[in-house]
Amino acid sequence: SKSGETNIKQWQIDGTLLSQEDFGHAGVTAISKSGRLFAIAANDTIQIRDVANGEIIRTLKGHEYFVNNLMFSPDDETLLATRHGNKANIWNIQDGVLIQTIEIEFEETFKSISPDMTILASTNGTDINLWNVSNGTLANTLLGQPSRIKHIKFSMDRKTLAAILED
């Protein structure tokens, strides 16, 4: 691969190499919960691929900056793509249509989305903000955590939120 470009490899757990190719400046990847799809982001483009053979199923374009996080919905129908700062895009994987963009006024890091794709959790470092995905509005804020928030995860029933804090 060229200097600064990324070489993408896909293996089976036994070490068998399934696919390999150069892919621009890839930064993040995600595998769907079903294990059927994987997504990879390079610059402002996301490719959805078939895990079984590595073939490109869909290409999603329209991000203004580098994507820094990808999350599949549990049903493999939608993909959340975020960038550091203040924007999250939610895509329909089947037709490649951008369903919703959530853009906020201040810098946040998007960390997690509920299993039903209705609530998006972000943090400014010490507060956890919960966003309504359907209309992009702030639904709730969990204020003043004593340490910097590193990770946030929802329970499968979306009633509980867990966070890892760094001292």
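Tutor: A polar contact is a pair of N or O atoms within 3.5 Å; within protein, one of the two must be able to donate a hydrogen and the other to accept it. The model discussed here is predicted. In it, the side chains of asparagine 129 and threonine 141 are joined by such a contact, at 2.8 Å. Asparagine 129 belongs to strand 12, residues 128-132, and is buried, with a relative accessible area of 5%.

Of the 6 residues in strand 5 (residues 45-50), 5 are buried, so the strand is largely enclosed by the rest of the structure. Buried here stands for a relative accessible area under 20%.

Consider the pairing of strand 5 on the side of strand 4. Strand 4 (residues 37-42) pairs with strand 5 in the antiparallel sense, over 6 bridges. Within this pairing, glutamine 47 in strand 5 stands opposite isoleucine 40. The two strands form a hairpin with 2 residues between them, and asparagine 43 in the turn has a positive phi of about 55°.

Strand 5 also pairs with strand 6 (residues 56-61); these two run antiparallel and are joined by 5 bridges. Here isoleucine 48 has arginine 58 in strand 6 as its bridge partner. This hairpin has 5 residues between its strands, and glycine 54 in the turn shows a positive phi of about 80°.

The nonpolar packing comes next. The largest nonpolar core holds 15 residues, of which Ala39, Ile46, Ile48, Val67, Leu70, Phe72 and Leu79 touch the most other members. At least two residues of this core come from each of strand 3 (26-31), strand 4, strand 5, strand 7 (69-72) and strand 8 (78-83). Strand 4 supplies the largest share, 3 residues. Valine 67, leaving aside its neighbours within four places in sequence, is in contact with Val28, Ala41, Asn43, Ile46, Ala81 and Thr82. Another core, of 10 residues, lies apart from the largest one and includes Ile102, Ile113, Leu120 and Val133.

Finally, there is the open space. The largest pocket has a volume of about 260 Å³. Its lining comprises 17 residues, with Lys33, Met71, Phe72, Ile113 and Lys153 lying nearest the centre. Two or more lining residues come from each of strand 3, strand 7, strand 10 (98-113) and strand 14 (148-154), and strand 7 gives the most, with 3 residues.

How values were computed:
Residues numbered from 1 in each chain as written. Predicted model: local features only at pLDDT ≥ 70, side-chain atom pairs only at ≥ 80, totals over all residues. Heavy atoms only, no water. Buried < 20%, exposed > 50% of the residue type's maximum accessible area, 1.4 Å probe, protein only. Helix = DSSP H or I, 4+ residues; strand = E, 2+ residues; numbered from the N terminus. Pairing = 2+ DSSP bridges. Core = buried A, V, L, I, M, F, W, Y, C linked by side-chain atoms within 4.5 Å. Contact = heavy atoms within 4.5 Å. 1 Å grid on protein atoms, 1.4 Å probe; cavity = no way out; pocket = protein on both sides within 12 Å on 5 of 7 lines; lining within 4 Å. Points joined across faces, edges and corners; volume = space filled by probe spheres on them.
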